[in-house]
Amino acid sequence: MPRKSTHLTHTDNSSLCIQYLRRSGGSARLCHINFSLSVIQMLVNQRKVKIKNTGAGFFIELEDAK
């Protein structure tokens with residue numbers, strides 16, 4: 001009987017990242033989140049999030065957040 005993996009995949013982590021951003025009002029400081037760069041890059045490539053430089057730091061925002 002195959003064992004179920006206990007490791008999260010990039011898809012699982014990306015959905016967790018999206019959920020985190022929704023709970024934090026649609027954006028968060030990039031240095032304060034604990035998701036890997038590959039997960040963040042995958043979300044940027046899929047145009048689900050964008051990175052914004054505000055002059056006071058980098059923020060990650062949901063694309064659909066206004």
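This is a predicted model: local features need pLDDT of at least 70, side-chain atom pairs count only at pLDDT 80 or more; totals for chains, interfaces and linings use all residues.

Mentor: A residue counts as buried when its relative accessible area is under 20%, and as exposed when that value is over 50%. Glutamate 61 is a residue of strand 3. Its relative accessibility is 18%, so glutamate 61 falls in the buried class. Beyond its neighbours within four places in sequence, glutamate 61 has contacts with Gly26, Ser27, Lys48, Val49, Lys50 and Lys52.

Strand 3 pairs with strand 2, residues 49-53, in the antiparallel sense, and five bridges join the two. In this pairing, asparagine 53 is opposite phenylalanine 58 of strand 3. The two strands make a hairpin with four residues between them. Glycine 55 sits in that turn and has a positive phi of about 90 degrees.

Isoleucine 60 has its own set of contacts: leaving out residues up to four places away in sequence, it touches Leu21, Gly26, Ser27, Ala28, Leu30, Ile33, Ile40, Val49, Lys50 and Ile51. Ile60 is also one of the eleven residues in the largest nonpolar core, whose members include Leu21, Ala28, Ile33, Ile40, Val49 and Leu62. Strand 3 (58-62), helix 1 (10-23) and helix 2 (37-45) are the elements that each give two or more residues to this core.

Cys17 is another member of the core. Cysteine 17 has a relative accessible area of 0%, so it is buried. Cysteine 31, at 59% relative accessibility, is exposed. The search of the whole structure finds zero disulfides.

Definitions and conventions. Residues are numbered from 1 along each chain as its sequence is written. Side-chain values use heavy atoms; hydrogens and water are left out. A nonpolar core is a set of buried Ala, Val, Leu, Ile, Met, Phe, Trp, Tyr and Cys residues joined through side-chain atoms within 4.5 Å. Buried means under 20% relative accessible area, exposed over 50%, partly exposed in between (1.4 Å probe, protein chains only). Contact means heavy atoms within 4.5 Å. A disulfide is a pair of cysteine sulfur atoms within 2.5 Å. Two strands pair if DSSP finds at least two bridges between them.
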